[in-house]
Amino acid sequence: GLVDLVVTVISLVGITPVGTQVKALRALRVIRIIRVVRMHPGLRIVMEAMALTAPSLVIVLVPYLFWVVLYSIIGLNLFFGRCWYCTDSSVANRSQCMGEFAPDPTDPNTTQLRYWLPMYSTYDNFPTSALSVVVSSFAGNWNNYMYELMDTVDIDVQPQTNASAWNSIYSVIGVLVGNWFFIAVLQGVIIDTLKRKKEEVQGIHLLTEQQKEWLQWLSLIVTARPKVHPPRYSTGLRSLCQRIAQSSAFHGVMYAVVAVNTLILATNHAHPSEAFVLFQDVAEVVFTAIYVAELAVLLCGLGARTYLSDNWNVLCLLIVVFAVAFVGLKGLHHGVDPTLGAEVFTPIRLLRMMRLLQLFPGVRAMIRTLAHTLSQLVNVIFLMFLCCYTLAVVGMFFFAKIDVPDSLDLNDHVNFQDFPTALVETYVLSTGENWPSIMFDLGQTGPPFCSPELGDCGYAWSPIFV
């Protein structure tokens with residue numbers, strides 16, 4: 001109900017003259033998609049459980065914030081005014097970083113302005129110092145931050161390689177305490193609290209551990225399918241095929257064949273010789289013939305109904321069908337690009353390795369467990385997609401006009417200029433990949449990275465978004 005109220009208020013304000021002029025209100029309209037959560041009970045359970053974990057986070061966040069404040073003040077006093085550099089590496093200090101210079105000595109006619117710019121991490125005031133500590137706590141590019149501190153010399157002095165190598169101790173301690181202790185504890189508290197709150201939302205938090213285990217077994221029993229036994233054949237060809245299909249030696253030989261086939265596929269390489277290509281083609285035909293013969297024996301000895309009742313057998317059947325199609329495509333071509341078969345069918349042929357998992361009962365049990373929890377995993381993935389979708393739209397509203405060519409890390413693949421690229425980038429950021437550098441580019445508000453007159457700058461509050 002509260003979400004509906006917020007969405008309605010934002011929508012009403014958005015159609016007013018004031019709302020159409022305020023970019024933030026237009027961007028907030030994207031939260032309408034949160035209403036999708038109400039349509040699915042599984043999503044609602046996950047969302048409510050996540051909301052209920054917030055009070056428990058305070059227990060860890062308070063000492064962590066105390067650590068950030070303390071370590072930020074230490075960094076502020078140690079590195080104030082030192083984390084800057086001139087775009088012209090030949091100058092010695094800030095007073096010389098003026099005018100123009102030729103970045104390429106071989107082309108003295110091409111010049112550009114000198115700029116005195118901050119490094120990725122700065123400690124000139126408490127907010128920037130705290131941001132640097134937080135980024136290091138999440139182990140985001142912390143080694144680059146350490147190298148920058150190691151190069152610092154003095155206030156308003158051009159950095160020099162390893163001029164202050166002992167400054168690395170500051171970064172190492174920040175990662176040890178901030179990441180290995182506080183962030184690890186924070187993640188543990190989130191996972192444990194999320195599990196308990198999810199049980200409360202589901203109404204099973206009052207059950208004992210034995211009752212919960214019994215409930216899980218009951219769920220497995222309800223979803224399990226009875227094993228289909230093949231009919232018994234006493235004489236004839238089907239009796240012989242049945243004895244072969246049920247023998248351990250037959251399955252051992254087939255596992256060995258799959259292993260050898262996988263090794264041969266792994267020998268493929270760039271620019272192969274004609275002899276090697278011929279060897280691969282002949283091997284593929286031989287192995288496909290073996291798999292077809294195995295399929296015939298199993299269908300004859302077990303019967304189609306018994307054979308198809310096992311999901312592993314269904315996978316093997318599909319692999320054989322694709323293998324035959326691949327061999328046929330390689331043999332016929334009929335004007336089709338011969339590389340098409342390799343591009344399409346080779347990844348499918350590699351699924352033969354999955355058959356080797358049947359040798360490990362523990363792995364099979366784990367796969368069955370994962371399949372049983374697939375519905376819950378889908379809920380989490382879809383909720384993550386909603387978050388990425390929302391942030392991608394917000395990113396397009398605020399960062400679509402950023403000057404990509406003059407940025408340090410933004411490029412044709414990393415930007416917010418269109419929805420597909422923005423969606424991919426928000427997913428990449430959610431994995432923790434290179435997010436400090438992207439945050440640095442999104443937060444630029446002046447030359448040489450952008451021009452405020454052209455409106456292609458970012459926003460100083462970009463760390464909140466990232």
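Which residues of H11 are buried? I list Phe250, Met254, Tyr255, Val257, Val258, Asn261, Thr262, Ile264 and Leu265 as the buried residues of H11, where buried means under 20% relative accessible area, exposed over 50% and partly exposed in between, with a 1.4 Å probe and protein chains only. I keep in mind that an α-helix has 3.6 residues a turn, so residues three or four places apart point the same way.

Basis of the entries. I am working from a predicted model, in which local features need pLDDT of at least 70 and side-chain atom pairs count only at pLDDT 80 or more, while totals for chains, interfaces and linings use all residues. Residues are numbered from 1 along each chain as its sequence is written, and side-chain values use heavy atoms, with hydrogens and water left out.

The chain as a whole. I count 20 helices and four strands in the protein chain; helices (H or I, at least four residues) and strands (E, at least two) are DSSP runs numbered from the N terminus. Of its 466 residues, 34% count as buried. The protein chain exposes about 27,600 Å², of which carbon and sulfur atoms supply 68%, with areas taken from the Shrake-Rupley method with a 1.4 Å probe, only the protein chains shown counting as cover for residues.

H11 and H12. I find 19 residues in H11, with 27 Å from its first C-alpha to its last, close to the 27 Å expected at 1.5 Å a residue. After H12 comes Gly303, with a positive phi near 90°.

How do these two helices pack? Their angle is about 155° and their axes are 11 Å apart, the axes being lines fitted to C-alpha atoms over the stretch in contact, with angles from 0 to 180 degrees between N-to-C directions. H11 and H12 are therefore roughly antiparallel, since angles over 145 degrees count as such, under 35 as roughly parallel, 65 to 115 as roughly perpendicular and the rest as oblique. Residues of H11 that meet H12 include Phe250, Met254, Val257 and Ile264, and among their partners in H12 are Phe279, Ala283, Phe287 and Ile290; contact means heavy atoms within 4.5 Å.

H10 and H12. H10 (residues 236–245) packs against H12 at an angle of about 115°, with axes 7 Å apart, and the two are therefore roughly perpendicular. From H10 I note Leu237, Cys241 and Ile244 among the residues that meet H12, whose side includes Val297, Leu298 and Leu302.

Inside H12. I looked up Thr288, which lies in H12 and is buried, with a relative accessible area of 7%. Its C-alpha atom is separated by 8.0 Å from that of Val327, 39 residues apart along the chain.

Positive phi values. Most residues other than glycine have a negative phi. His271, not a glycine, has a positive phi of about 55°; it lies in the loop between H11 and H12 and is exposed, at 79% relative accessible area. Asp156, also not a glycine, has a positive phi of about 60°; I place Asp156 in the loop between H7 (142–151) and H8 (168–202), where it is partly exposed at 29%.

Methods: Expected span 1.5 Å × (residues − 1).
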